[in-house]
Amino acid sequence: MPYQLLIDTALPPTMLDMLGDTCEIHFLKDALRDEALLGRIDGYLTYGHPPTDGSLMDRMPSLKVISNFGVGVDHVVLADARARNIPVGNTPGFVDGATADFTFALLMAVGRNIVIGDHYARGPEFTHYDPNLWHGQEIYGSTLGIVGMGRIGKVVAKRASGFEMNVLYHNRKPDPQAEAALGVRYASLNELLQQSDFVTLNMPLTPETRRMIGREQLLLMKPTAYLINVARGGVLDHDALLDALQNKWIAGAALDVTEPEPLPRDHPLLKMENLIIAPHLGSATRQSRYQMARRTIDNLLAGLRGEELPSRVG
Ligand code: 8YV
């Protein structure tokens with residue numbers, strides 16, 4: 001008898017191959033209208049960040065495991081899963097390099113006007129080379145402030161050393177090992193915001209980090225500085241960011257994540273020229289996606305068999 005598996009979004013062929021004939025797959029949107037089906041679900045693979053709390057878990061009394069594709073599980077109420085003895089798996093370690101690379105891709109793109117320059121170079125206004133245009137912020141030798149010195153933050157710091165950047169970081173508490181290994185310096189959030197040419201947000205979304213960067217924090221940044229968010233949209237107040245970009249409190253921003261995601265198509269942020277936005281591509285490489293898929297399926301199958309999950313987050 002195959003296991004009954006719930007998914008929220010269609011899985012790619014690689015993941016279907018990994019599952020083989022172990023599971024019969026059902027879509028969340030159908031199961032939500034069919035209590036009998038929900039009652040038979042053994043495993044839930046969260047692929048597209050579906051909000052998952054105790055009220056949904058209670059409708060799945062046979063649920064043995066929730067396996068999340070990705071490391072961030074802010075969309076799953078872990079306390080509710082714990083209270084119901086449902087293990088939750090995630091994919092730590094498989095997104096770090098790709099997400100740090102993408103942090104740098106956004107940092108360089110926004111600091112060196114790559115997107116706006118691309119539009120200009122394709123448009124009718126580009127009639128002759130003009131050295132007066134698109135002066136960016138030097139990356140080499142500038143100060144990078146990393147908010148969140150976890151796995152991804154540390155890889156960002158390694159990338160920064162290649163650019164001979166001066167790196168400040170802010171974390172819940174100082175990390176002397178990271179300081180020794182990476183040559184980074186702990187700073188209060190305010191000091192980091194005041195001194196950095198680039199601020200990258202690399203922390204998880206938790207009740208403590210929700211809206212950690214708002215009006216007060218953006219006003220502390222240099223008018224020549226850039227903000228990069230590859231964490232979760234919820235760590236940043238988007239209304240405050242709009243004010244910051246419109247009133248030139250900062251030079252620009254680059255977002256890989258937003259809240260909501262996507263932003264409504266008529267959201268005023270989408271009209272800002274000093275903003276670059278990407279559709280949550282931080283870990284979107286063939287290599288990372290494959291490894292994330294492997295760990296997601298391994299967590300799922302272990303949970304279905306009542307075994308310890310290779311990566312259990314809650
Ligand atoms: C993933 C991410 O692409 O791992 C995470 O937490 O944010 C991304 O790298 C995403 O979660 C998968 O849907």
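Mentor: In helix 7, which spans residues 114-122, the buried residues are Ile-116, Gly-117 and Tyr-120. Because they cover an arc of only 100° around the axis, they sit on the same side of helix 7; the arc is that of the directions from the helix axis to the C-beta atoms. His-119 and Arg-122 are exposed on the other side of helix 7. Here buried means under 20% relative accessible area and exposed over 50%, with partly exposed in between (1.4 Å probe, protein chains only). An α-helix has 3.6 residues a turn, so residues three or four places apart point the same way. Helices (H or I, at least four residues) and strands (E, at least two) are DSSP runs, numbered from the N terminus.

This is a predicted model, in which local features need pLDDT of at least 70 and side-chain atom pairs count only at pLDDT 80 or more, while totals for chains, interfaces and linings use all residues. Residues are numbered from 1 along each chain as its sequence is written, and side-chain values use heavy atoms, with hydrogens and water left out.

Next, the ligand. The residues surrounding the ligand include Tyr-47, His-49, Phe-69, Gly-72, Arg-232, His-280 and Met-292, where near means that a heavy atom of the residue lies within 4 Å. This shell has five nonpolar, five polar and two charged residues. In that classification Ala, Val, Leu, Ile, Met, Phe, Trp, Tyr, Cys and Pro count as nonpolar, Asp, Glu, Lys and Arg as charged, and the others, Gly among them, as polar. An oxygen atom of the ligand lies 2.8 Å from an N or O atom in the side chain of His-49. For Gly-72, a polar backbone atom is 2.7 Å from an oxygen atom of the ligand, and for His-280 an N or O atom in the side chain is 2.9 Å from an oxygen atom of the ligand. Taken alone, the ligand exposes 330 Å², and the protein buries 89% of that; these areas come from the Shrake-Rupley method with a 1.4 Å probe.

As for the strands, an open sheet of seven has the order 8-7-6-9-10-11-12, with parallel pairing. Strand 8 (185-186) and strand 12 (275-277) are the edge strands, each pairing on one side only. Two strands pair if DSSP finds at least two bridges between them; strand 9 (residues 198-201) and strand 10 (residues 226-229) run parallel and are joined by four. Phe-198 stands opposite Tyr-226 in strand 10.

Notes: A polar contact is a pair of N or O atoms within 3.5 Å; within protein, one must be able to donate a hydrogen and the other to accept it, and residues adjacent in sequence count only if both atoms are side-chain atoms.
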